[in-house]
Amino acid sequence: MLGKLRKSVAKLPFHESNLALKQVKCDACIEENGVCKCDNGGIEGMVMTEDAAGQQARSGNSSFLHAVLNMSGMLIGLGQLSTPYALENGGWGSVFLLVGLGFICTYTSHVLGKCLDKNPKSESFADIGENAFGRKGRVLTATFIYIEIFMALVSYTISLHDNLITVLSRTQIKLPGVPNLHTSQLITVVAVLIALPSLWLRDLSSVSFLSSGGILMSLVIFISVVCTAAFGSVEANHSIPFLHVKNIPAISGLYIYSYAGHFVFPNLYKAMKDPSKFTKVSIVSFAACTLLYTALAFLGAKMFGPEVNPQITLSLPRHHFITKIALWATVLTPMTKYALEFAPFAIQLENNLPDSLSSRMKLIIRGFVGSILLLVILSLALSVPYFEHVLSLTGSLVSVCICMTFPSAFYIKLSWPHISKPVLILNLFLIAFGSILGVLGIISSAKMLIKTLLRARST
């Protein structure tokens with residue numbers, strides 16, 4: 001059973017699904033024995049035994065190409081939708097920040113591989129945090145992971161809402177007794193309720209196939225934008241300003257979110273047949289994603305100029321058939337992510353329930369808590385339906401730590417006192433740069449979000 005689950009993890013190509021499946025070891029224990037033997041302790045769980053680590057290391061079956069596809073799929077996601085908007089608002093000079101962050105995140109991915117080399121028993125991002133800074137390191141990293149998953153789900157639900165009302169723009173629904181609920185909100189509620197039963201699924205492998213559309217969706221979006229420009233529906237003749245310095249902090253969160261995925265990379269590393277090629281996998285994957293983001297950003301900004309939407313799919317001509325495909329792809333993707341994203345919470349919850357409870361009761365509790373959590377996410381998404389601000393805040397608050405500051409801090413601690421001075425200076429610089437970027441981004445995106453909320457309330 002464990003071997004099959006590990007193979008399913010290696011085959012998952014999309015970023016958010018892999019975040020959810022990072023604790024599949026514990027799920028295997030639940031499926032086989034009814035009681036987890038992995039010494040889990042709430043948010044501090046997943047302490048692997050030496051035998052289990054050895055068994056997993058031997059089960060790696062991912063080739064170089066497979067690993068590149070997996071890592072690329074993890075990186076490409078919601079961030080892709082916002083790159084044209086970020087470039088337009090930051091100016092074409094901000095592309096140097098986009099590319100620079102790509103280089104930095106490639107390096108920090110390489111650094112994570114080095115951390116795993118130093119302790120082969122490490123299984124996850126949280127394990128590396130514990131090896132570096134003890135239990136407090138595990139708690140901190142696990143907390144940031146769960147916050148990113150939660151905020152990603154909120155962003156996905158906002159994207160679902162925005163694209164769904166565009167697809168069904170002519171639909172009018174009124175619910176008796178709830179006059180204040182708009183049609184767009186009702187449609188979103190129905191879509192989330194349709195996805196709700198997936199949270200009650202216990203076997204993750206039964207829903208893992210849902211993640212396979214991630215790369216396909218990204219290609220559909222990119223092809224839609226290219227075709228729109230190529231066939232003359234929209235001329236790419238807008239001029240892009242050189243630089244808007246005041247907007248850089250806010251758009252930096254959008255850019256860094258586009259490279260979010262580092263806390264899944266240890267799973268990729270362990271799944272590889274030859275982990276020594278992990279750095280090459282990182283270089284190829286980040287290079288491909290950076291090229292895609294840059295091309296899409298320039299094309300979208302040139303086509304739509306200041307009118308470009310924070311989600312590029314919403315700027316495309318609605319009457320085009322390929323636009324409808326892109327919109328539906330963007331609509332269906334969030335609905336397939338809820339169960340996979342919720343898995344880390346669900347597994348930890350089930351592991352911490354009393355052993356005296358039956359499997360059926362554990363499933364009921366797990367499903368009930370998942371349903372409540374999803375309804376909270378839905379309420380937040382409908383209350384704060386501002387995709388660009390929420391995504392920017394997520395990038396500045398959480399992603400910058402997971403992608404930049406944490407890996408460098410882990411590496412310095414684990415390599416001390418053998419780390420060379422140039423490498424030490426480089427990693428200290430990345431920690432400082434990431435911290436400054438994160439703080440400025442949080443302040444800027446939070447201010448913009450509050451202003452938008454106040455403006456919406458006053459109208």
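This is a predicted model: local features need pLDDT of at least 70, side-chain atom pairs count only at pLDDT 80 or more; totals for chains, interfaces and linings use all residues.

Residues are numbered from 1 along each chain as its sequence is written, and side-chain values use heavy atoms, with hydrogens and water left out.

Me: Are helix 7 and helix 13 roughly parallel or roughly antiparallel to each other?
Reply: The axes of helix 7 (residues 95-118) and helix 13 (residues 278-304) come within 9 Å and cross at roughly 160 degrees. Axes are lines fitted to C-alpha atoms, for helices over the stretch in contact, and angles run from 0 to 180 degrees between N-to-C directions. Angles under 35 degrees count as roughly parallel, over 145 as roughly antiparallel, 65 to 115 as roughly perpendicular and the rest as oblique. The two helices are therefore roughly antiparallel.

Me: What span is expected for helix 17 at 1.5 Å a residue?
Reply: Helix 17 covers residues 421-458, which is 38 residues. The expected span is 1.5 Å times one less than the number of residues. From first C-alpha to last, helix 17 reaches 55 Å, close to the expected 56 Å.

Me: Which helices are included in what covers the buried residues of helix 17?
Reply: Buried means under 20% relative accessible area (1.4 Å probe, protein chains only). In helix 17, the buried residues include Leu424, Gly434 and Thr452. Their cover includes helix 7, helix 11 (248-257) and helix 16 (387-415).

Me: How far does helix 5 reach from its first C-alpha to its last?
Reply: Helix 5 (residues 64-75) has 12 residues, among them the buried Ala67 and Leu75.

Note on methods. Helices (H or I, at least four residues) and strands (E, at least two) are DSSP runs, numbered from the N terminus. Buried means under 20% relative accessible area, exposed over 50%, partly exposed in between (1.4 Å probe, protein chains only). Contact means heavy atoms within 4.5 Å.
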